[in-house]
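Please keep the structure open beside the text as you read.

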Amino acid sequence: MAELEAEPPLKAEPPMLRIDMRLDPTGAQVVTLAGELDSSNAATLQERVASIPPRLAAPLIFDLTGLRFMDSAGIAVLIGAAAKASSVSLRNPSPIIRRVLEATGLTGVFLIESRAIES
Amino acid sequence: MRQARRFHCQAESVAGARHFVRDVLSDQSRETVEAAELMVSELATNSVRHARSDFELAIHRTRDEIRVEVSDHGEGQPVLRSPTPQEQSGRGLRIVQELAEDWGITPSPNGKLVWFSLPLRPSSARTAPARTSSASAQASESESRSSASRDHPPEQSHQAGPDFRAARSAYIGPIRRYRTSCPFTAQSLIAKLWRSGGLLKRPVDDALPVGLTATLGARLDCLTRRERAGNSKWLSQDNLPTETWHCGWAGPVLRFETACARAVIPSC
């Protein structure tokens, strides 16, 4: 790191994450995520998910269609949610997220709902 | 070519590091950019959260690969863990292990440097159609195998050794993990994979004898032995190591790559 010591470190903007929560007509709780989910905002999502009133046997759906990025901090929140809900579905995870779920042995923890991907 | 940037020790820097790597690799395939971005996010998070240090992100390009380094002033070393599916944390380095071509940790006098590499894959030069679903992996396996045998006929593999570079650039499918019992040898592992039908399903060329050496020559394009520090050594069917190994991070990890499958072993 020595050769760049003179240059000041870069200040970065926080990533944008939008969280929308609603009940769908079947009674499932849908959490729609958009933007980027990482360690800087995973706690916010964790709090929102924890605020969902516990209802017996109600499935939880994370709609990831608009989520551009998620790392292991986001995966941790999803796993935490899966431990409390009757079932957790991930809707339209991106190819890289699917690849990580497969590579880390997590495909059995979630139900994956994917629409056909247009080429 | 080297491009580098320093970042403050703050949570927002992780996104800044991601955006930097995305910009620098904007001419690369989506798969490469997304993998690099995810691994940078994991390493930058480690620097900020665990090392509690400013960090530098450096991206080097050589003729055929991208090497990304994240260095910080933290004293401890990140540890590769194997969390159960129920455990919430501990997947950062595991993701790097799965997505990188190669990776490692280098201690430095005032901290450490964690690096990973990916093959250069420009966005305009896709070598195979992208797979969108793992459910189709089984069906597409025979398809990509036939294309692999077309590109690398078994006869050629036997004479000149497998064409590792071509096989790596043609690779596109997901990494698969295989369980093995401990301890194991390279030979026992390959025999197990053969039996399980996972990696070596059936001979590419049925005219070949179905002996281990012949099947290896036909289908095992790449075999890397990876040591603890992330240094890896390419092996071929002719120089398979004979010693007994144990699972876990203390021992070597074998990576198998073929044009149609990729496996990381062991996972026990």
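The report below looks at the interface, the salt bridges and a sheet in turn.

## Where the two chains meet

Please bear in mind from the start that this is a predicted model. Let us begin with the contact between the chains: 39 residues of chain A touch 47 residues of chain B. The size of an interface is often given as the accessible area lost when the parts come together. For chain A and chain B this buried area is about 3,700 Å², and carbon and sulfur atoms supply 57% of it.

Polar links are part of the picture too. Between chain A and chain B there are 8 residue pairs in polar contact, counting pairs with both residues at pLDDT 80 or more. On the side of chain A that touches chain B, the elements giving two or more residues are β3 (60–70), α2 (72–84) and α3 (95–103) of chain A. Of these, α3(A) gives the most, with 7 residues.

## Salt bridges across the interface

How many salt bridges cross the interface of chain A and chain B? The count there is 5. One salt bridge joins Arg68(A) to Glu37(B), with the closest N and O atoms 2.3 Å apart.

Glu36(A) and Arg18(B) also form a salt bridge, with an N to O distance of 2.6 Å. This pair runs from strand β2 (residues 29–37) of chain A, which holds Glu36(A), to helix α1 (residues 12–24) of chain B, which holds Arg18(B). Are the two partners buried or exposed? Glu36(A) has a relative accessible area of 8% and is therefore buried. Arg18(B), at 0% relative accessibility, counts as buried as well.

## Salt bridges within chain B

Over all chains, the count of salt bridges comes to 16. Within chain B, Glu34(B) pairs with Arg30(B) in a salt bridge whose closest N and O atoms lie 3.0 Å apart. Both residues sit in helix α2 (residues 30–51) of chain B, and because they are 4 residues apart, about one helical turn separates them.

Arg81(B) and Glu87(B) make another salt bridge, here with the closest N and O atoms 3.6 Å apart. Arg81(B) is partly exposed at 38% relative accessibility, and Glu87(B) is partly exposed with a relative accessible area of 32%. Elsewhere, shared partners link salt bridges into one network made up of Glu36(A), Asp38(A), Arg68(A), Arg18(B), Arg22(B) and Glu37(B).

## The sheet of chain B

Now for the strands. Chain B has an open sheet of 5 strands, arranged in the order β1-β2-β3-β5-β4 with antiparallel pairing. Which strands form its edges? They are β1 (2–7) and β4 (102–108) of chain B, each of which pairs on one side only. Ignoring direction, neighbouring strands of the sheet are turned against each other by 15° on average.

Definitions and conventions. Residues numbered from 1 in each chain as written. Chains lettered and ligands numbered in written order. Predicted model: local features only at pLDDT ≥ 70, side-chain atom pairs only at ≥ 80, totals over all residues. Heavy atoms only, no water. Pairing = 2+ DSSP bridges. Axes fitted to C-alpha atoms, helices over the stretch in contact; angles between N-to-C directions. Salt bridge = Lys/Arg side-chain N within 4 Å of Asp/Glu carboxyl O. Buried < 20%, exposed > 50% of the residue type's maximum accessible area, 1.4 Å probe, protein only. Contact = heavy atoms within 4.5 Å. Buried area = accessible area lost by both parts, 1.4 Å probe. Polar contact = N/O pair within 3.5 Å; in protein donor to acceptor, adjacent residues only side chain to side chain.
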